[in-house]
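Hi,

Here is the structure we talked about.

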Amino acid sequence: MMKRLVFAAMLGTVCCAAGCGRTAAVAPSGEHYQFAEEMFRKVWALYRVPGHGLFSEYYPNSYRPDVNYFEDGAKNAQEVSFLWPMDGVFTSAVALAGIEPGKYGCYVDSMAMAVEQYYDDARVPAGYQAYPVKMGKVDRYYDDNGLVGLAYITAYGVTRNPAYLEKAKQVMTFILSGWRPDYDGGVSWLEGVANQKPGCSNGKAMMLALELYGATKDPYYLTTGRRFYDWIDAYLHDPELDIVWNSWLTQPGARLDKAVYSYNTGLLLQGAVALYRYTGDTAYLGNARRLAEGARRFYLQETQAGQPANRDLPWFYLVLFRGYHDLYNLDGDSKYVDIFIRWMDWARENARDRAGLFYNDWSGNSDEANTPKWLLDESCIPEFFVRAAMIRGEVPSARPAR
């Protein structure tokens, strides 16, 4: 409890209701950045649950279906969301604070206080569980914790608040407690369950370690990041298609789960770019370029008019977009990020409901006008458009969230 009080004190006063701090001398402009702000305000207004400082799983909040993204089957949606969908609000707040820290820094602090409601220090090591602690003990997922760690380390880069750096280090400690020596290492999806080693858990751990190295220059984190990178590259990377499969299944038997999710390739792409930056080893750059092209062939189908395919969830595509953005920042070739920006512009005009919320299917081919909207699909939209604004030169190329 004392650690939580100290952490809260280090955040200072949260004042998001009316904005806080000073705004930039010259307000950022440009259609993508302005739309990012509009969508962030919309998500904050429509999903935030009064009295909790947390967010609902769906809008409208009266819609509470079973949620089926857990190891042990479906769970009932409650008044507030599980941890994963809320991460998009956190990273979008950090992305906006990277452009206007005086305007959005309070939102970063507010999201940190929200995430801390999921922090379980009754079990050792401490980590973040899938649902707020005050509502009971539930499972702790390594990929969820990786998301929290990445949000915190990027928030540290924007705010320089040492509490955020310490939180990121704590998350790394929790994830590494799940490292297993069978099949050359890696971590599982869920604490205490050893049936698989997925790209999501290991990829986020890889990126957290590499981001911690960038922040601290401690070689321990570079070595750790490489270990995760090497494991994913060896066990999940298809060298012919140049995409990353979902998971290495360890029980029963050992086999590859070839489910395809774009974020897994995006994570290894981010790792390859980061390792090239940190080491200068051109093998990483070569792998990054192969992954970028493999992902384009596999995931980025579109019509000549720029209408996107609907192969994956928007948030999954965001992780791939992050990898492409990192590669663009390295070599200046916009051919991959241009595809995403075309998709975003198309969806903004053709795949939104009356409330202005995005469809899950960005092509607009599905009628989702009256469909309740999942927080995960909406909370990532501001970060998409902040990144587009950076790429198009509307705002300075500040370091966005991971």
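This is a predicted model: local features need pLDDT of at least 70, side-chain atom pairs count only at pLDDT 80 or more; totals for chains, interfaces and linings use all residues.

Residues are numbered from 1 along each chain as its sequence is written, and side-chain values use heavy atoms, with hydrogens and water left out.

Helix packing

Helices (H or I, at least four residues) and strands (E, at least two) are DSSP runs, numbered from the N terminus. Axes are lines fitted to C-alpha atoms, for helices over the stretch in contact, and angles run from 0 to 180 degrees between N-to-C directions. Angles under 35 degrees count as roughly parallel, over 145 as roughly antiparallel, 65 to 115 as roughly perpendicular and the rest as oblique.

Start with helix 9 (residues 262-279) and helix 11: their axes come within 7 Å and cross at roughly 25 degrees. The two are therefore roughly parallel to each other. Their contact (heavy atoms within 4.5 Å) includes Gly266, Leu267 and Val273 of helix 9 and Phe316, Leu320 and Gly323 of helix 11. By class, this contact has 12 nonpolar, 4 polar and 3 charged residues. For the classes, Ala, Val, Leu, Ile, Met, Phe, Trp, Tyr, Cys and Pro count as nonpolar, Asp, Glu, Lys and Arg as charged, and the others, Gly among them, as polar.

Glu31, His32 and Phe35 of helix 2 touch Ile341, Asp345 and Arg348 of helix 12, a set with 2 nonpolar, 1 polar and 3 charged residues.

The largest pocket

A pocket here is an open set of points on a 1 Å grid over the protein atoms alone, where a 1.4 Å probe fits, with protein on both sides within 12 Å along at least five of seven lines; lining residues have an atom within 4 Å of a point. The largest one holds about 620 Å³ of space, a volume being the space filled by probe spheres set on the points. Of its 31 lining residues, Tyr69, Trp84, Leu313, Phe316 and Trp374 are the closest to its centre. Elements giving two or more residues to the lining include helix 5 (142-159), helix 7 (199-216) and helix 11 (314-331). The lining divides into 18 nonpolar, 5 polar and 8 charged residues.

Most residues other than glycine have a negative phi, and most peptide bonds are trans. The bond from tyrosine 59 to proline 60 is cis, with omega near 0 degrees, and proline 60 lies in the loop between strand 3 (58-59) and strand 4. The bond from glutamine 251 to proline 252 is also cis, with omega near -5 degrees. Lysine 217, in the loop between helix 7 and helix 8 (219-235), has a positive phi near 60 degrees.

Cheers
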